[in-house]
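Please view the sequence and the model together while reading.

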Amino acid sequence: MTSPLLELDNLHTFFYTDTGVARAVDGVSFHVGAGETVGVVGESGCGKSVTALSILRLIRAPGRVEQGSAIRFEGKDLLGLSEREMQRIRGNRIAMVFQEPMTALNPVFTVGDQIAEVARIHANMSKKDAAVKAVEMLRLVGIPAPEQRATEYPHQLSGGMRQRVVIAMALVMNPALVIADEPTTALDVTIQAQILELLADLTKRLGTSILLITHDLGVVAENCSRVIVMYAGEVVEEAATVDLFARAHHPYTEGLLGAMPRVGGTAERLATIPGTVPPPTNWPDGCRFRERCMYAWERCATEHPPLYQIGGGHTSRCHLAVEPERRAHPHTPIAAAIGASAA
Amino acid sequence: MASAPPSIRVPASSVRQRLRSDSRFWIGLSTLGIIILIALFARFLAPYDPNAQLDISSLHSQAPSLAHPMGTDTFSRDVLSRLIYGAQISLTISLAAVAIAMTFGTLVGAVAGYLGGVIDAILMRLVDAASSIPTLLLLIVVIALWDEIGVVFLTLLIAGVAWFTVSRLVRAETLAVRDADFIVAARALGMPSWRILARHVLPNVVGPAIVAATLAIGNVILLEAGLSYLGIGVRPPTASWGSIIQEGAERVSDLWWLTLFPGLAILVTVFACNALGDALRDALDPRQLLASLGDETVQHTR
């Protein structure tokens with residue numbers, strides 16, 4: 001097997017805060033192949049975005065990527081590169097699409113200028129050529145009257161338009177990998193589908209890989225070939241999308257699937273996962289999902305589960321992999337019991 | 001939509017165009033322009049020699065009259081002529097000092113705020129230390145060291161005590177902008193730090209600095225006045241607006257024209273600078289445009 005485009009190996013990103021060391025990303029490994037679209041799902045605070053920023057080495061003090069982590073991209077170890085070499089990769093080989101198109105664009109420059117700037121930095125284009133390129137990119141992302149729009153400021157465009165501009169900026173240099181961090185969360189539902197379709201269509205045409213970070217399993221189902229589920233700074237389950245939807249193994253993934261609205265669903269209320277993600281300064285011993293889990297038993301309190309192989313590239317960080325009979329005896333999770341007594 | 005929305009007619013680099021349609025810009029610019037012209041052509045405009053004591057026995061302390069529209073001072077000098085000549089010194093010193101203070105303060109503040117960490121700590125402690133020295137004490141030290149200082153040194157001295165405020169302000173603005181998504185996005189696009197600082201941070205923090213600078217001009221004119229009073233800076237009999245006020249300050253109850261007219265001159269200058277500053281701030285910030293264009297744009301942005 002040829003080496004994948006991007007490979008994270010045992011990534012640890014810690015933040016040294018006043019309240020303690022926040023282990024936001026705590027031993028994450030996964031890979032993204034060339035041309036592949038991989039989804040990363042999980043609740044807020046589970047380390048998705050920090051993982052994305054770590055790949056681009058955009059973690060600022062008090063945060064730090066720890067020793068022993070490795071991020072290999074196109075055969076290079078990104079963590080070993082100088083800041084200068086890293087700048088040549090950002091926006092050029094790996095680009096990022098942000099969640100908030102309202103704020104991801106500089107309010108004081110026209111969108112044309114901002115797209116052109118990327119071409120000027122990475123391709124050394126003249127001002128004139130870069131301006132032409134900017135209009136070309138705006139046309140590519142389906143913005144009508146691109147010559148006109150290029151001269152407008154971000155506040156003159158709608159949210160969907162702005163996100164198209166952000167995508168245009170990401171694709172200027174035809175990068176090998178686009179990291180999309182919740183690219184549609186801030187948009188109207190009707191626009192979301194358009195933006196995702198655009199991203200999928202363009203990257204397919206250009207052969208770009210996507211790392212799609214989202215909390216929306218519906219988005220994953222439609223766009224990704226493989227899914228990585230993160231919880232409390234760790235990968236808890238990884239599987240091909242079809243496999244994950246058919247045979248979710250980790251109770252957390254089950255919970256996420258149960259919390260998804262379905263057409264024709266019979267349940268009157270959507271299922272929820274009781275409790276919240278514990279604070280990253282203080283992950284529980286044993287299984288980090290234990291208190292919210294309806295199968296948890298003694299072993300989960302004492303033994304931190306490894307990522308078990310459960311066949312066909314499907315992995316799960318749950319002791320149920322070795323004691324499957326426990327699944328027959330669900331009970332009320334501790335977090336729900338606490339919640340009920342508190343209420 | 002029958003007619004083209006107004007936003008479409010606003011071209012890319014429309015700062016100039018926005019200034020052109022701003023009445024504050026024109027009022028500020030023309031007022032300041034007139035004051036500068038008066039200063040430049042003082043020689044032709046002043047009715048008398050500003051330092052000539054016309055008739056110390058019978059023409060001193062005269063209230064405004066046709067011959068002396070702003071009266072005369074206790075040395076029988078024509079106040080209008082002194083005011084016109086004083087504009088030269090006052091404007092040169094204050095504009096130059098503010099320009100230096102703003103440039104330096106903005107650079108220090110932006111670098112400290114953007115880079116953060118050790119550099120920020122060192123720069124800001126320096127600013128703290130420097131601004132903890134009372135201005136008056138500093139000036140007394142200067143007097144003790146030098147008997148007489150030139151206009152250039154005086155300008156540098158004033159700039160030297162005025163830049164702290166600007167650098168603090170710009171640093172605070174930079175801290176707010178530094179973690180904005182578009183700065184993270186710029187870094188994610190591979191832009192080098194200096195370029196992010198110059199192109200993405202500075203344009204977003206320069207607005208408050210300009211406003212602070214226009215306000216500082218008033219203070220600087222007054223500081224120059226204080227310096228004249230202490231005997232450094234502008235030496236008698238040379239006229240500056242500050243020195244005229246200082247000379248009249250003791251007689252403000254009876255010889256009111258000695259303080260009123262230079263005071264008005266300072267007021268008008270500061271007002272003109274503020275109007276100009278407000279117009280510049282708005283022109284440099286396209287977000288302000290939205291409000292001024294109204295409903296049609298809002299409709300258009302959807």
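A:R57 is partly exposed, because 18 other C-beta atoms lie within 10 Å. By definition a residue is buried if 20 or more other C-beta atoms lie within 10 Å of its own, exposed if 12 or fewer, and partly exposed in between, with C-beta atoms placed from the backbone. A:R57 sits in the loop between helix 1 (48-55) and strand 4 (63-65) of chain A. Helices (H or I, at least four residues) and strands (E, at least two) are DSSP runs, numbered from the N terminus. Although A:R57 is not a glycine, its phi is positive, at about 55°.

A positive phi, near 50°, is also found in A:A232, a residue other than glycine. The loop that holds A:A232 lies between strand 10 (226-231) and strand 11 (234-240) of chain A. A:A232 is buried, with 23 other C-beta atoms within 10 Å.

## Basis of the model

The model is predicted: local features need pLDDT of at least 70 and side-chain atom pairs count only at pLDDT 80 or more, while totals for chains, interfaces and linings use all residues. Residues are numbered from 1 along each chain as its sequence is written, and chains are lettered from A and ligands numbered from 1 in the order in which they are written.

## Chain B

Chain B has 13 helices and 0 strands. Of its 302 residues, 41% are buried. Two residues are in contact if their C-beta atoms, placed from the backbone, lie within 7 Å. Among contacts in chain B between residues at least 6 apart in sequence, 72% join residues at least 24 apart.

B:R235, in the loop between helix 9 (193-230) and helix 10 (241-249) of chain B, is exposed, with 12 other C-beta atoms within 10 Å. From C-alpha to C-alpha, B:R235 is 9.9 Å from B:G150, and the two are 85 residues apart in sequence. B:P64 lies in the loop between helix 3 (42-45) and helix 4 of chain B and is partly exposed, with 16 other C-beta atoms within 10 Å. Neighbours within four places in sequence aside, B:P64 is in contact with B:P69, B:M70, B:G71 and B:W257.

## Two helices of chain A

The axes of helix 6 (residues 159-171) and helix 7 (residues 189-206) of chain A come within 10 Å and cross at roughly 15°. Axes are lines fitted to C-alpha atoms, for helices over the stretch in contact, and angles run from 0 to 180 degrees between N-to-C directions. Helix 6 and helix 7 of chain A are therefore roughly parallel to each other, a term for angles under 35 degrees.

## Core and interface

The largest nonpolar core has 170 residues, and those with the most contacts inside it are A:I115, A:A168, B:I158 and B:A162. Such a core is a set of buried Ala, Val, Leu, Ile, Met, Phe, Trp, Tyr and Cys residues joined through C-beta atoms within 7 Å. Helix 4 (residues 79-115) of chain B gives the most to this core, with 18 residues.

Between the chains, 31 residues of chain A are in contact with 25 residues of chain B. Helix 2 (83-89) and helix 3 (111-123) of chain A each supply at least two residues of the side of chain A that touches chain B.

Definitions and conventions: Angles under 35 degrees count as roughly parallel, over 145 as roughly antiparallel, 65 to 115 as roughly perpendicular and the rest as oblique.
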